[in-house]
Amino acid sequence: MLKKIIHRLNDSPVWLIAILLSVIAVIFFLYLPFQIDITPGHELRKLYYVDHISEAHFKIIEKFNDKYKNQIEVIPVNLPFKNFTTNDRKAILTRSLRNRSDGLDIFSVDLIWVPRFAKWGYELDKRFKKETLDNVNNIALDACYHEGKLVAFPLFLDMGVMYYRKDIINKLPDGDKIEQQILNSMTWDQFIRLGKRMRNIDNPYYIFPGGNFEGMICCYNENISIEDSKTIFYNKPIQLEHPSSRRSLKNMVDMIHKYRFSPPGVTEFDETSSYIYTTQNDAVFLRGWSGFHKQYREFLEDTTLVEKMALAPLPHFEGNKSSAVFGGWCLMISKFSKRKEEALKFIRFMFEPENQEILYNTGGYLPINTLVNKDSVFIKNHPEMKRLEKMLEWGKHRPFLQNYTRISEIMSKSFHKALKNEITVEEALSEASRQLNDDRVILK
């Protein structure tokens, strides 16, 4: 049953998913009288869970449904990344929640969306024991609070990383030395010098998601220090024309148009299309997310080249440190749901160590239950976790602003024009700045 639902929704357009989520509420009320188990005194409670339902998610859902058979059944509504950008998912959820759909019980949100969706989320402050919260990764947990209240619960973490073709780098005369620089985070100057050396090879040098969406803004944020980010975004007016902001956007534009390290086509790429292009064209470097080394199996036909790609921190500007943007997703319970207790059981189930391990083993999603990383057997089986944990120390959150999603949309639209060489970097920053500093946009 679950697989049929997932299969049917995988290729559905955005508007259809939005309609389906709204209609679920009506179906639920019509069907509710017949959801009675044959065992006297038991009523089957159906939970509608909206997320990117990967193979890992599916395994855990099946375990949960088996454990609570004839009591609770989780019905997944799948919004796969290959068909729906993060902007699409945000729009679908917003429409459904504005309609107060009772057919939407649990939904996942990007860490940075929590302030945006807090008004529709059920408050969780008193629903989790202190010992549970003590075992949650603080990076992820901090993102789940809004105005001092816990309104979401982490599912997994992610972070921006650089993948590189180990075999190609090792063919260089000084390949060992270059690889050590990569593993310790190259400066952008070192990265550019290496790119110039490698012009004689046919492989694309650097692929990143440069489409008009939040993933491109993540790349922009990664080149700005935490201190400068605070100066730029936490003041009114927003300081988009700050030197660090200009340097970051210019670096992205130069990768395409000055150095020609990235093909112009990256301006149409989201993460998935950038992964596919990288593997089909033997690219040397890829800006991706930490879970790609496991998640690629869901959308790549030929996975042989991926095995040659190694994980490293992102490059950084001289004087800064590598500062990957944190990604990851949280679970929220709709305040309109009539099945909140059942939803809480499912969220607690997803947090159990063995299920967190499934998320990583099958999907590459970084565990947020700290007990997992203290498990010697798990660490022995996954030696890369030590490197990933070290890289987390270099990470940072995007600005936690209530209107961040709107701010990101405005920046993305203008920055995308610069990446396509339709306007200059200065014009893009000025255009976005004018719109952002309209009180209707930045007003909380």
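1. Glu268 itself is exposed, at a relative accessible area of 52%. Please bear in mind as you read on that this is a predicted model.

2. Where do the two partners sit?

3. The structure has 24 salt bridges in total, and a second one worth a look joins Glu123 and Lys149, whose closest N and O atoms are 3.5 Å apart. This pair also links distant parts of the chain, 26 residues apart: Glu123 is in the loop between helix H5 (114-117) and helix H6 (130-133), and Lys149 is in strand E5 (residues 149-150). Both ends are partly exposed, Glu123 with a relative accessible area of 41% and Lys149 with 38%.

4. Asp167 and Arg165 make a salt bridge too, with a closest N to O distance of 2.9 Å. Is each end buried or partly exposed? Arg165 is buried, at 5% relative accessible area, whereas Asp167 is partly exposed, at 23%. Elsewhere, a network of salt bridges links Glu43, Arg45 and Glu342.

5. Now to the rings, where you will find 25 aromatic pairs. Phe191 and Phe285 have ring centres 5.0 Å apart and planes at 65°, so they pair edge-to-face. Phe191 is part of helix H10 (residues 188-197) and Phe285 of strand E8 (residues 285-289), so the contact ties together parts 94 residues apart in sequence.

6. Phe285 has another ring partner in Tyr205: the centres are 5.3 Å apart and the planes stand at 75°, so this pair is edge-to-face as well. Tyr205 lies in the loop between H10 and strand E7 (206-207), 80 residues from Phe285 in strand E8. Tyr205 is buried, with a relative accessible area of 5%, and Phe285 is buried with 1%.

7. Which residues do ring pairs link into a cluster? They are Trp188, Phe191, Tyr205, Tyr206, Phe208, Tyr259, Phe261, Phe285 and Phe317.

8. Two arginines meet rings in another way. The charged end of Arg89 sits over the ring of Trp329, 4.1 Å from the ring centre. For Arg348 the ring is that of Phe128, and the charged end is 5.4 Å from its centre.

9. The largest nonpolar core has 142 residues, and those touching the most other members are Tyr49, Ile169, Tyr206, Tyr220, Leu240, Phe285 and Phe415. Strand E6 (residues 153-165) supplies the largest share of this core, with 9 residues. Leaving aside residues up to four places away in sequence, Tyr49 touches several others, including His57, Ile61, Val74, Leu155, Leu331, Phe346 and Met350.

10. Finally, the chain as a whole. Its secondary structure comprises 23 helices and 10 strands. Of its 444 residues, 59% are buried. Among contacts between residues at least 6 apart in sequence, 76% join residues at least 24 apart. The chain exposes about 19500 Å², with carbon and sulfur atoms supplying 50% of that area.

Notes. Residues are numbered from 1 along each chain as its sequence is written. This is a predicted model: local features need pLDDT of at least 70, side-chain atom pairs count only at pLDDT 80 or more; totals for chains, interfaces and linings use all residues. Side-chain values use heavy atoms; hydrogens and water are left out. Rings of Phe, Tyr and Trp (its six-membered ring) pair if their centres lie within 6.5 Å; planes under 30 degrees apart count as stacked, over 60 as edge-to-face and the rest as tilted. Helices (H or I, at least four residues) and strands (E, at least two) are DSSP runs, numbered from the N terminus. Buried means under 20% relative accessible area, exposed over 50%, partly exposed in between (1.4 Å probe, protein chains only). A charge sits over a ring if NZ of Lys or CZ of Arg is within 6 Å of the ring centre and within 35 degrees of the ring normal. Contact means heavy atoms within 4.5 Å. Accessible areas come from the Shrake-Rupley method with a 1.4 Å probe; for residues, only the protein chains shown count as cover. A nonpolar core is a set of buried Ala, Val, Leu, Ile, Met, Phe, Trp, Tyr and Cys residues joined through side-chain atoms within 4.5 Å. A salt bridge is a side-chain nitrogen of Lys or Arg within 4 Å of a carboxyl oxygen of Asp or Glu.
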